[in-house]
Amino acid sequence: MTHASFFLFLGQSACYRKACHHANCRNFDRKRWCLLVLFYMQNVMTQTYELEDEARTLQLGAELASLVKPGDVIALHGGLGAGKTTFSRGLICALVPVVEDVPSPTYTLVQAYDGPEFPVWHFDLYRLESPDEMDEIGWDETQDGVALIEWPDKAGSRLPAWRLDIVFDFEGEHRRVTLEPHGEDWQKRCDEFRF
Ligand SMILES: Nc1ncnc2c1ncn2[C@@H]1O[C@H](COP(=O)(O)OP(=O)(O)OP(=O)(O)O)[C@@H](O)[C@H]1O
Ligand SMILES: [Mg+2]
């Protein structure tokens with residue numbers, strides 16, 4: 001990262017925090033200004049990529065694997081068939097080279113992988129009835145590893161605020177993906193990432 005982009009990043013972070021703080025205030029003009037700043041910062045800090053085929057989705061997963069570290073949570077948003085499992089497959093195969101198959105955890109709800117440096121947990125919460133069931137499927141045991149979560153909204157408040165959201169959308173026959181980092185650590189890592 002260059003010095004200029006480092007100071008730009010610091011400025012953006014400070015501005016974003018202040019805007020978050022003031023967005024709840026009662027003064028209408030100030031509130032409107034803060035919401036505008038928030039909207040701008042949100043767009044500056046996200047990255048969107050077109051994924052023209054399955055191979056490209058796998059490749060994005062594989063390349064993002066270089067960013068992750070133990071304790072990370074990556075929430076994969078998007079409708080049925082949007083590409084969440086394909087992305088996870090790319091990321092898991094890069095982190096756990098000996099793995100032969102990455103099945104969708106649609107019925108098991110979670111699949112664990114023993115990586116050489118840390119475990120990787122792949123959740124599919126589509127069939128979760130309530131966030132309380134997160135305890136039963138071992139959510140508390142995942143802190144030492146990386147958690148990839150399909151249908152993350154089902155986890156409710158169990159989902160940590162500081163995480164990477166990845167949003168998959170349909171774009172004709174292709175897919176469009178947006179990276180939305182939450183928290184300074186993820187923002188910094190995504191700022192350095194290009195695909
Ligand atoms: N960029 C892409 N362009 C076109 N097709 C893709 C792309 N990425 C993945 N696919 C295809 O989309 C289909 C569904 O992918 P995948 O199973 O990953 O979706 P999902 O989001 O996990 O679905 P679910 O919500 O059912 O778990 C697969 O056939 C996959 O090959
Ligand atoms: Mg899936």
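Reply: One bit of bookkeeping first: Ala, Val, Leu, Ile, Met, Phe, Trp, Tyr, Cys and Pro count as nonpolar, Asp, Glu, Lys and Arg as charged, and the others, Gly among them, as polar. This is a predicted model, where local features need pLDDT of at least 70 and side-chain atom pairs count only at pLDDT 80 or more, while totals for chains, interfaces and linings use all residues. Residues are numbered from 1 along each chain as its sequence is written, with chains lettered from A and ligands numbered from 1 in the order in which they are written.

Around ligand 1 sit 19 residues (C-beta, placed from the backbone, within 6 Å), and L51, T57, K84, T85 and T86 are the closest. Sort that shell by class and you get eight charged, eight polar and three nonpolar residues. The elements giving it two or more residues are α3, α4 and β7 (DSSP runs numbered from the N terminus: helices are H or I, at least four residues; strands are E, at least two).

Take the helices first. α3 spans residues 54-64 and lies across β1 and β7, at about 145 degrees to β1; angles run from 0 to 180 degrees between N-to-C directions of axes fitted to C-alpha atoms, for helices over the stretch in contact. α3 packs against α4 (residues 84-95) at about 45 degrees, the axes being 7 Å apart. That makes the pair oblique (under 35 is roughly parallel, over 145 roughly antiparallel, 65 to 115 roughly perpendicular, the rest oblique). Where they meet (C-beta atoms, placed from the backbone, within 7 Å), α3 brings E54, T57, L58, Q59, L60, G61, A62 and L64. From α4 come T86, F87, S88, R89, G90, L91, C93 and A94. By class, this contact holds eight nonpolar, six polar and two charged residues.

Now for β7, residues 174-181, which pairs antiparallel with β1 over five bridges; pairing takes at least two DSSP bridges. Here Q47 stands opposite L179. β7 also runs antiparallel to β6, with eight bridges joining them, one pair being F168 and V177. β6 and β7 make a hairpin with two residues between them, and G172 in the turn has a positive phi of about 65 degrees. β6 (residues 164-171) also runs parallel to β2 (residues 73-77), joined by four bridges; A75 and D165 are bridge partners there.

Step back and these strands belong to an open, mixed sheet of seven, ordered β1-β7-β6-β2-β5-β4-β3. Its edges are β1 (47-51) and β3 (110-114), each pairing on one side only.

Terms used:
Contact = placed C-beta atoms within 7 Å.
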